[in-house]
Amino acid sequence: MSTLSRTISLALLAAALGACERSAPPQAPAAAPAPAVAEAPAAAAPKPVLGDFGFDAAGMDRAVAPGDDFFGYANGAWVKNTEIPADRSSYNSFTTLTEQALKDTRAIVEEAAAKADATGDLAKIGGYYAAFMDEAGIEAKGLAPVKPALDAIAAIKDKPALARSLGDSLRADVDLLNATNYYTANLFGLWVTANLLEPREYAPYLVQGGLGMPDRDFYLEGGRMAELRTQYAAYVAKLFELAGVAGGEAKAKRILALETAIARVHASQLETNDVQKGANAWAAADFAKRAPGLDWAAFFEAAGLKSQANFIVWQPKAVSGIAALVGKEPLDAWKDWLAFHALDDAAPYLPKAFADAHFAFHGTALSGTPQQQDRWKRGINEVNHALGEAVGKVYVERHFSPETKARADAMVKNVIAAFGRRIDALEWMTPQTKARAKAKLEGLEVGMGYPDAWRDYSALDVRRDDAVGNVQRAGRFEYQRNLAKLGKPVDRGEWFLLPQEVNALNVPLENRLIFPAAILHAPFFDGAADDAVNYGAIGAVIGHEISHSFDNSGALFDETGKLANWWSKEDLEHFEAAGAALAAQFDTYKPFPDLAVNGKLTLGENIADVAGLATAFDAYHLAHAAEGEAIDGFTPDQRLFLGWAQAWRSKAREPALRNTILTNVHAPGQYRALTVRNLDAWYPAFDVKPGQALYLAPEQRVKVW
């Protein structure tokens, strides 16, 4: 589901069930909600008041016709009355749960920090948090914690030494298919996971990096991007000034020029999101021939990959282009670049002046967030990043009951059964392709709530007086943990989300789904709520994750997780036609006059939404064969669709929403809510008629699985 992350990991196989033929894409709904922008800092957003049946009736705007603006009908009053908290760039249903999870984990972490006799993981949790919260100690140390890194950079005398420094900076900080996190500020990022060409073994995936801003467009486009480049250069110069380094403005100019050159060779978001373009097997010996300019032997030795024989290079043109720049650009430019990124990485853990400068650019300039989070929130996030499963183990003991797990497990079984029936009912799919789809569905593994085995943090060195060092050691610990996988059988029990994380995940290379404990709370899942609302919210999330196994990327993987074509030619053409129709539909959604949703970039998520919601609808009716009663005037079908729409309620500041549209594989929530217009059952449920803004003729409704 991934609103979350792109969790494309389900083992289902449902890709597109009906090729919706249509002569032209429908008009975008006239009443589509405009992006909300908080003009001034505001109090915390109010909690919704849930009705007896589990959704927020007071948050609706019943003056809006459902057929004209279903998001506004379901969420209009909430949008009007909710202010985005000053320390956030957006606010949505996930944020509500995230804030609660933060409070729950805060209690765990602060108890550990206050416990003088804590041992084991609790001592590490408490020490990590205490070091970050020790503002006086951080101020007293000044720049000292980062000085060894700066001195090492200053000592670089030649390109082989530069290659060693670049290799030593490599970290396991990207995730191409599970979380769809493509970004790293390091020159390259590493992802160690199952080999998409041979999923029984691990492979290291090398990914483009090197940019201080989120994407190549920030360096190459005009308008707002040009303004951000000016602000970025000023930020770079400011960090050098704070560090007492002379010539900051000249260095900033060189760094911006270097990163612009890197951006020019980068693959686009669309290219990076294309699995088939990423499946490039390179032997270690290929790098010197195919990507000259970087001393790869020195790079890999420093990265701990000297003996690794084979790699997957996700963006080969970018890797070759970046390597060429290492050879071509002056050594001093690269040393300036390394020094800036060392300061930028450390800034949140250095004295207040550094942390404030970091937030002013990364938080306010890039995302429009006016106020930095309270320090305790940042501290909890840091602990979760470094010691997340240690915290998660305690979180599950306190906040995830066996009853909740049992009910969620039962719902998953129902949704999987409904998906299987949908495969059986496909008239356009050949028996051979159906059999492979059913095999993929039947092989799907589901992790619910928490992992069966917890991560071992005993080798992580945590010091109660060393915030910067803790972060550096945690990054290296995670990197070494990933390197240690190479050469071993794939561990299909590893979790890529934390139990206290509000998200869900499809792991396509393992045909596996993960649902953390923290998402199994209202508004997504409420044990006391009406089943129709639960199926519309968490049921559709489950269906979404299952459907990722059959979206435009997931459908490329077979039942073993291998990148392999299991489709007949005719079936694949039908599926791709349905995907093209859905992409065209989302292309019509324009939150700003100059910027539309990218239907191709968001296609996998949109396919999963359509198929997931349709499957959840079927699963509810399988579990409730008799027609249910109306509650407070709402039928079961209405409650289910309202549960869906309220799960996607959201507001965002304009800069954040623009960044999302450019770089995120998920469409904004107000458009995900409109998925309902592709389901036949939605029309009679709300008496939607031709002429209304969201109405689609039956042949225009995209059927995906």
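This is a predicted model: local features need pLDDT of at least 70, side-chain atom pairs count only at pLDDT 80 or more; totals for chains, interfaces and linings use all residues.
Residues are numbered from 1 along each chain as its sequence is written, and side-chain values use heavy atoms, with hydrogens and water left out.

**Salt bridges**

Begin by selecting Asp-466 and Arg-473, whose side chains meet in a salt bridge with an N to O distance of 3.2 Å; the term stands for a side-chain nitrogen of Lys or Arg within 4 Å of a carboxyl oxygen of Asp or Glu. By this rule the count comes to 38 salt bridges. Asp-466 is buried at a relative accessible area of 14%, where buried means under 20% relative accessible area, exposed means over 50% and partly exposed lies in between, with a 1.4 Å probe and protein chains only.

Next select Glu-494 and Arg-481, which form a salt bridge with their closest N and O atoms 3.1 Å apart. Glu-494 sits in the loop between α20 (467-483) and β7 (505-507) and Arg-481 in helix α20, so this pair ties together parts that are 13 residues apart in sequence; helices (H or I, at least four residues) and strands (E, at least two) are DSSP runs numbered from the N terminus. Glu-494 is buried, with a relative accessible area of 8%.

Then move to Arg-672 and Asp-609, a salt bridge in which the closest N and O atoms are 2.8 Å apart. This pair links distant parts of the chain, since Arg-672 belongs to helix α26 (residues 669-672) and Asp-609 to helix α23 (residues 603-623), 63 residues apart. Arg-672 is buried at a relative accessible area of 1%, and Asp-609 likewise counts as buried at 0%. To finish this part, select Glu-389, Arg-455, Glu-478, Arg-481, Lys-485 and Glu-494 together, which salt bridges with shared partners join into one network.

**Aromatic rings**

How many aromatic pairs does the structure hold? There are 42 aromatic pairs, counted where rings of Phe, Tyr and Trp (its six-membered ring) have centres within 6.5 Å, with planes under 30 degrees apart taken as stacked, over 60 as edge-to-face and the rest as tilted. Select Trp-282 and Phe-287, whose ring centres are 4.9 Å apart and whose planes stand at 65°, so the pair is edge-to-face. Trp-282 counts as buried at 2% relative accessibility, as does Phe-287 at 0%.

The rings of Phe-550 and Trp-705 have their centres 5.0 Å apart and their planes at 65°, so this pair is edge-to-face. Phe-550 lies in the loop between α21 (531-548) and α22 (569-587) and Trp-705 in the segment after α27 (682-685), so the pair ties together parts that are 155 residues apart in sequence. Both Phe-550 and Trp-705 are buried.

Now widen the selection to Phe-188, Trp-282, Phe-287, Trp-296, Phe-299, Phe-300 and Phe-311, which form one aromatic cluster.

**A last stop**

Finally, select Arg-200, which is placed in strand β3 (residues 198-208) and counts as exposed at 66% relative accessibility.
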